Amino acid sequence: MYERFAANLSISHADDLKGSFTGIASLFGSVANGIMPTKFESGSFRDTLAARGSRPIKLLWQHDQHEPIGSGRARETHEGLELTGGLVPTARGKDAMVLAKSGLLELSVGFTARDWEMHGAGQDRVRLVKKADLHEISFVTFGADPGAQIREVHELASSGALGAA
């Protein structure tokens, strides 16, 4: 089943250069409330990133496959899934940048859980994802993972498309 795992978007730096950003799209061990309380284990994206090779990850608007707003590269760090990306200077890309800088958007990871375990019981029940296929990352209105954040943002240039960072 294709799922969406949302994370807060917090901008700590911005300038008027590129429309690019860096941040943590998913913080390992942080519980997010998606379809069910979920957290990702360190290494959970390793296989999907290796299979992707140099192909960039699509950045979408609100998980809508008809609304791409940029692309990026992801890698696992000790903290989580680190994303470096760029937004394209379309109307929606520009809107996303303005809204993100204003603190009104969050990140959400589109994935399929391949291997997981359930921990706890009742309201404390949490799914621990050990392996996941990463499909896309979206800018969304509401996120779920309080640990994920955009750490640096550069505004879109007035002309020209951005490549993947």
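Which backbone oxygen lies 3.4 Å from a polar atom of the side chain of R52? In this predicted model, the backbone oxygen belongs to L134.

R52 is found in helix α1, which covers residues 46–52. The residue is buried yet has no salt bridge. A salt bridge requires a side-chain nitrogen of Lys or Arg within 4 Å of a carboxyl oxygen of Asp or Glu, and the nearest side chain of opposite charge to R52, that of D133, is 9.0 Å away. What the side chain of R52 does have is a polar atom 3.4 Å from the backbone oxygen of L134.

A search of the whole structure finds 3 aromatic pairs. One of them is formed by F21 and F139: the ring centres are 5.5 Å apart and the planes stand at 80 degrees, so the pair is edge-to-face.

Are the two partners buried or exposed? F21 is buried, because its relative accessible area is 2%, and buried means under 20%. F139 likewise counts as buried, at 2% relative accessibility.

F40, F45 and F111 form one aromatic cluster.

Note on methods: Residues are numbered from 1 along each chain as its sequence is written. This is a predicted model: local features need pLDDT of at least 70, side-chain atom pairs count only at pLDDT 80 or more; totals for chains, interfaces and linings use all residues. Side-chain values use heavy atoms; hydrogens and water are left out. Helices (H or I, at least four residues) and strands (E, at least two) are DSSP runs, numbered from the N terminus. Buried means under 20% relative accessible area, exposed over 50%, partly exposed in between (1.4 Å probe, protein chains only). Lys and Arg count as positive and Asp and Glu as negative; His and the chain ends are not counted. A polar contact is a pair of N or O atoms within 3.5 Å; within protein, one must be able to donate a hydrogen and the other to accept it, and residues adjacent in sequence count only if both atoms are side-chain atoms. Rings of Phe, Tyr and Trp (its six-membered ring) pair if their centres lie within 6.5 Å; planes under 30 degrees apart count as stacked, over 60 as edge-to-face and the rest as tilted.
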